[in-house]
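Morning, everyone. Please have a look at the model on the screen, and then I'll walk you through it.

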Amino acid sequence: MMRSLMKVLASVGVGLCLTSCAQVTKGLKAAKLGGAADDFVAASEKAQKCDKLGTPPAIAEEYALGSALAIRWVQQGGGLMLSGASEQQLNTYVNTVGRNLAMQSPRPTLRWTFGVLEDPRNFNAVSAPGGYVFVTRKLLQGVENEGQLAGVLAHEIAHIALKHALSQYATVKVSACKGAVVGDVVFGAIAERLLSASNSDGKLDLDADTGLMGKMADDTAEALSKGNSKDQELAADRLAVELMLSAGYDPDAYRQLIAKTAEGGGVFANHPKKEERVKQIADILNKLKDSGEAFVELSPGSLHNPALPASFSVVKATGVARDTK
């Protein structure tokens, strides 16, 4: 049967590389070959339906994925700094600054949640869909004023508002679905859920299937661990500048923080160099100043970078900042 199938495939055209999957499937269906050919057609049709999973998720799906990822970030970061009155005050302060910035974003109605991770080694900030943003203890040790903290939070808020993680999640869903078809694992519970969604609107009910939620969160976390693209990082910086200006902060504080941190390496090698990020922020501000328009946010008396509160005493310490984002 397989030998006959290969002869038929060869006769469909000069080469399958020159013919789309849909065209091949249509030709095989018309031929009514049966057996292995029918299996090939069925798998091909299922693989095409998997593309529906690339559609934007419903808000409930985003929250479910985001909460699962948030739990992972907290576990990897050694837990949240919430013990004692000073740490609780610090958490309240970070949430106040973060939510003020988030209200300036294109997605102000998300359930924005900010937290400080215990991690004393990595100068880092992470975010997850649904409005989850975390900064490490080490990062807070490296900021000198509220403006610098606001810049970091605004950058992560921008990633969420621009749906960068959701873009990677869509790719993960489609790949998992097609992998299930090609790997002939269509009878597995997770594969069946993916294929079922691909037959409808492409949306997943992650809350109803913890196994599926875990699989999607694991695969998305792995994709995110490789870092965002250069274009995404620069786009997040641009929006961060806008959010800071709208909230009354001087974006130059964020520029100064980036300039003083060491370059990231390893899996973050595809990110723009700090010189490029610093230059972009400076160019944005210079362009606004030179535009001749009455841009009140850039007037000397309107921007501010408040001093850090007393609650920062629980994290302040000497150390060399290293940007791993």
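In which helix is Leu-166 found? Leu-166 sits in helix H8, residues 164-182. Before I go on, this is a predicted model, where local features need pLDDT of at least 70, side-chain atom pairs count only at pLDDT 80 or more, and totals for chains, interfaces and linings use all residues. Residues are numbered from 1 along each chain as its sequence is written, and side-chain values use heavy atoms, with hydrogens and water left out. Helices (H or I, at least four residues) and strands (E, at least two) are DSSP runs, numbered from the N terminus.

Back to Leu-166. Buried or exposed? Leu-166 is buried, at 8% relative accessible area. Buried means under 20%, exposed over 50%, partly exposed in between, with a 1.4 Å probe and protein chains only. Leaving aside neighbours within four places in sequence, Leu-166 contacts Pro-57, Glu-62, Leu-65, Arg-107 and Pro-129. Contact means heavy atoms within 4.5 Å. Gly-54 is 112 residues away along the chain, yet its C-alpha atom is 9.6 Å from that of Leu-166.

Next, the sheet. It is open, has 3 strands in the order S1-S3-S2, and its pairing is mixed. Strands pair if DSSP finds at least two bridges between them. S1 (113-117) and S2 (125-128) are at the edges with a single partner strand each, so one side of each has no neighbour in the sheet. S2 and S3 (residues 132-136) run antiparallel, joined by 4 bridges. Ala-125 stands opposite Val-135 in S3.

Now the helix packing. H12 (residues 252-260) packs on H13 (residues 274-289) at about 165°, axes 9 Å apart. Axes are lines fitted to C-alpha atoms, for helices over the stretch in contact, and angles run from 0 to 180 degrees between N-to-C directions. That makes H12 roughly antiparallel to H13. The cut-offs: under 35 degrees is roughly parallel, over 145 roughly antiparallel, 65 to 115 roughly perpendicular, the rest oblique. Among the residues meeting there are Tyr-254 and Ile-258 in H12, and Val-278 and Ile-281 in H13. The contact has 7 nonpolar, no polar and 4 charged residues. Nonpolar is Ala, Val, Leu, Ile, Met, Phe, Trp, Tyr, Cys and Pro; charged is Asp, Glu, Lys and Arg; the others, Gly among them, are polar.

H12 also meets H7 (residues 146-161), with axes coming within 7 Å and crossing at roughly 85°. So H7 is roughly perpendicular to H12. By class, that contact has 4 nonpolar, 5 polar and 1 charged residues.
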